[in-house]
Amino acid sequence: YFESVLNAKVPTMTSDTAPSGKVLYGSVKGANYAWQAFDGNDNTLWAGDTATTNYIGYKFTSPVSIGKFYRKGLIEDSGYSNYWRYRVEYSDDGTNWTSIGSSTQFTNKEQTVNVPNGYGSHLYWRLYLDGSKGNYSTTYNTYTIQFWGRKDV
């Protein structure tokens with residue numbers, strides 16, 4: 001039922017904007033750039049820091065309906081792994097975001113999640129990450145992330 005279709009799968013990125021679309025992110029820790037989570041190489045990663053807003057996503061070249069996403073990574077947060085949470089969000093303008101459901105706990109370090117049908121096609125899609133717990137800091141290390149569009153059937 002879910003397939004990668006034309007303009008509905010993030011291409012293998014070599015920068016924030018190449019070869020097409022645009023990688024979205026809230027922060028970068030060190031030289032671990034967000035586009036590296038979309039480069040197809042599990043030896044590179046994006047590291048986001050809780051000091052600022054944390055999200056990673058993609059602006060497609062045309063609106064798409066997301067059917068699923070995949071994330072491989074880990075979250076280092078001083079032992080509070082039960083607070084590793086995310087929510088899927090979409091936007092048509094990159095400023096005003098709508099969440100799909102509530103914040104959900106990551107179940108493991110490698111996860112594929114189906115996105116419920118009925119949210120329509122949008123230009124921007126992202127995972128908003130929330131892993132902070134009190135005074136403990138969190139680093140979001142994402143080695144690979146991918147969004148797939150839903151093929152109309």
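Arg126 is buried, since its relative accessible area is 8%; buried here means under 20%, exposed over 50%, and partly exposed in between, with a 1.4 Å probe and protein chains only. The model is predicted: local features need pLDDT of at least 70 and side-chain atom pairs count only at pLDDT 80 or more, while totals for chains, interfaces and linings use all residues. Residues are numbered from 1 along each chain as its sequence is written, and side-chain values use heavy atoms, with hydrogens and water left out.

Let me stay with Arg126. The residue belongs to strand β8, residues 122-130; strands are DSSP runs of E of at least two residues, helices are runs of H or I of at least four, and both are numbered from the N terminus. What does the side chain of Arg126 join in a polar contact? Its partner is the side chain of Glu89, at 2.6 Å. A polar contact is a pair of N or O atoms within 3.5 Å; within protein, one must be able to donate a hydrogen and the other to accept it, and residues adjacent in sequence count only if both atoms are side-chain atoms.

Arg126 also lies over the face of two rings: that of Tyr55, at 4.3 Å from the ring centre, and that of Trp97, at 3.8 Å from the ring centre. The criterion is NZ of Lys or CZ of Arg within 6 Å of the ring centre and within 35 degrees of the ring normal.

I turn to the whole chain. The protein chain has nine strands and zero helices, and buried residues make up 42% of its 153 residues.

The largest nonpolar core has 25 residues, of which Phe38, Phe60, Phe69, Trp125, Leu127 and Phe147 touch the most other members. Such a core is a set of buried Ala, Val, Leu, Ile, Met, Phe, Trp, Tyr and Cys residues joined through side-chain atoms within 4.5 Å. Strand β3 gives the most to this core, with four residues.

Finally, the aromatic pairs, of which the structure holds eight. Rings of Phe, Tyr and Trp (its six-membered ring) pair if their centres lie within 6.5 Å; planes under 30 degrees apart count as stacked, over 60 as edge-to-face and the rest as tilted. Phe38 and Tyr58 form a tilted pair, because their planes are at 50 degrees, with ring centres 6.1 Å apart. Phe38 is in the loop between β1 and β2 and Tyr58 in strand β3, so this pair ties together parts 20 residues apart in sequence. Ring pairs link Phe38, Tyr58, Phe60, Phe69, Tyr86 and Phe147 into a cluster.
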